[in-house]
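User: Hello! I would like to go through a model with you, one residue at a time. Could you take a look?

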Amino acid sequence: MRYKFQSLTGIGIAAAAAVAAQAQQQGGGTATYWMSAETASGMSAMGQSGDASGIVQRLSGGGESHAHNLTLQLGTGRRAPGEPSAEHLPPSGLQTGASLPLVSPLRAEAPSPTGSYYHTGEKPKGRMLFYWGCGERARAGQPVVVDFASLAAGKVPPAFAQMAWKAMNPPQPGTSATYGEWPNTKSKTRVPAGGSLVGEHVVRGNYTPEIKFALAAGQDFLPPVTLTQQTPGASGAIPLVWRPVAQAKGWFLSTGGAAQNGDMIMWTSSEIQAAAMMMDYFAPDEVARLVQQKVLLPASTERCTVPQEVAKAAPQSVLSVIAFGPEANFSHPARPARAAASWKPEWAAKLRTKATYTGMLGMDMAAMMNGGHADAGDADEAPRRPAGVEKKGDKIRKGLGRLLGN
C-alpha cells in the first residue's frame, strides 16, 4: 500500500528563507564543507547492492553486515571561472581511490504545480494512529488519532504542533554561489564497510580555497546498530535489545505499518508525545537537549519494548533505529576562544555521524534466510526438510528476485 504524507509546507518555506537570509548576512565569504557519515545496517545496508544475490548474501551473513554511506557537500560564495571543478582527496584508509569529484549539479527548473497532489482538489483520506513510549502496554490516552483531512485543513494536533527541534542546514545549491557534491553521476564509487575516515583530507577546486584537515581516531564512522533480540513475547509486545554503540549521544526508535482497515500505525520510543520521525542528523547540543526533554533515549539505553497494541495492530511494520553520533569541526583560521559575532573564517568544515538500522519489526531476517537458524554454519544441526518442501528463506530469495527483476 502506498501512503501520501502531508508536509508542513509553511515550516519548510520559513526554514529555507532563514537559511538563505543567513547566507546573505555572511556575504558568502566562508567556504563551507560538510561530511555526513552514516553507518547503515539491516535493510538499509542492502540498498548498496542492486541484485537479489547480493541482498541474500548479506541477509544470510555471507556478506557485509553494514554499509558506510558518505555524503560530501561544498558550498562557497565564489563563482567559478568557467566550469566548476572541485575534488576531495581522502586518506587511503577510506578505500575509495585517490580523488572523489565534487560535481556541481545542473539547476533544474521548478516543477509545475499543476500535476501536484496538493493542487488536484482531492481531499486527503485516511487516518494515522500514533503511539509512543517503551513498555509492554501502550500508555493511557493512546493512540492519538490524526485524520489526514483535518491535518490538510490546518487542524494540527498537539503531538505535531508542540514538537520543535533545531534542524541542521548543510550547504545547498540554493544557498551557495557555487556548490559541489559527492556521490554523483560522475563517480559511482562506494565506501566499503571497512573504509575509515581517519587521516588527512584535502578539498580543492577553482571556486574554493584549499581546505585541509585531519581526522583522528574517534572521528570516524560509528559502529553499526546491531539488534540482539526482537522476538515477540507471549503478550504480543516485542522487546528490542541492541548492542552499545561507542560514542552514541542518544537513541530514537520508530515503527510504521498499516492495519487491516488501512489505518497507518505509527510508534516512537519518545517518553513524551512527540510525533516526529527523527532519522536525520542532529548536532550534539541538540541531541543533549532532546534527551533531557525525553524525546530521545539516553546514550546508555540498550533496550526498549514495542507495546503489544502496536505490534498487534500492524504486525508487518518497518522498524527504524538511529544512534546519533558526535561531530568534529575545523576552520581556517581556527576559531578564537572568544570570537566576535562578526568573525568569519576563510573556510569551515564539519564531520557529522550517525548509525541506523532498518528492518521488519519482530523479524530476524538473517535467521529467516537460514530457515529459522541464525547461524548458517550449523547446517548439520538443522532438521532435514522433506523433499519438495521450501523453507522460508527459499521463499524470501524468490520474492527478492521477483522484486528486483532477477
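Predicted model: local features only at pLDDT ≥ 70, side-chain atom pairs only at ≥ 80, totals over all residues.

User: In which loop is Lys-294 found?

Analyst: Residues are numbered from 1 along each chain as its sequence is written, and side-chain values use heavy atoms, with hydrogens and water left out. Helices (H or I, at least four residues) and strands (E, at least two) are DSSP runs numbered from the N terminus. Lys-294 is found in the loop between helix 6 (284-292) and strand 14 (297-298).

User: What is the phi of Lys-294?

Analyst: Most residues other than glycine have a negative phi. Lys-294 is not a glycine, yet its phi is positive, at about 65°.

User: Is Gln-95 buried, partly exposed or exposed?

Analyst: Gln-95 sits in the loop between strand 3 (86-89) and strand 4 (100-101). Buried means under 20% relative accessible area, exposed over 50%, and partly exposed in between (1.4 Å probe, protein chains only). With a relative accessible area of 49%, Gln-95 is partly exposed.

User: Which residue does a cis peptide bond join to Trp-182?

Analyst: Most peptide bonds are trans. The bond here is cis, with omega about 5°.

User: Which residue has its backbone oxygen 2.9 Å from a polar atom of the side chain of Thr-30?

Analyst: Thr-30 is found in the loop between helix 1 (9-26) and strand 1 (31-42), and it is buried, with a relative accessible area of 15%. Leaving aside neighbours within four places in sequence, its contacts (heavy atoms within 4.5 Å) include Gly-75 and Trp-347. The backbone oxygen at 2.9 Å belongs to Pro-345.

User: Why is strand 1 largely enclosed by the rest of the structure?

Analyst: Strand 1 pairs (DSSP finds at least two bridges between the strands) in the antiparallel sense with strand 2 (residues 66-76) over 10 bridges. Strand 1 is largely enclosed because its buried residues number 10 of the 12.

Notes. Polar contact = N/O pair within 3.5 Å; in protein donor to acceptor, adjacent residues only side chain to side chain.
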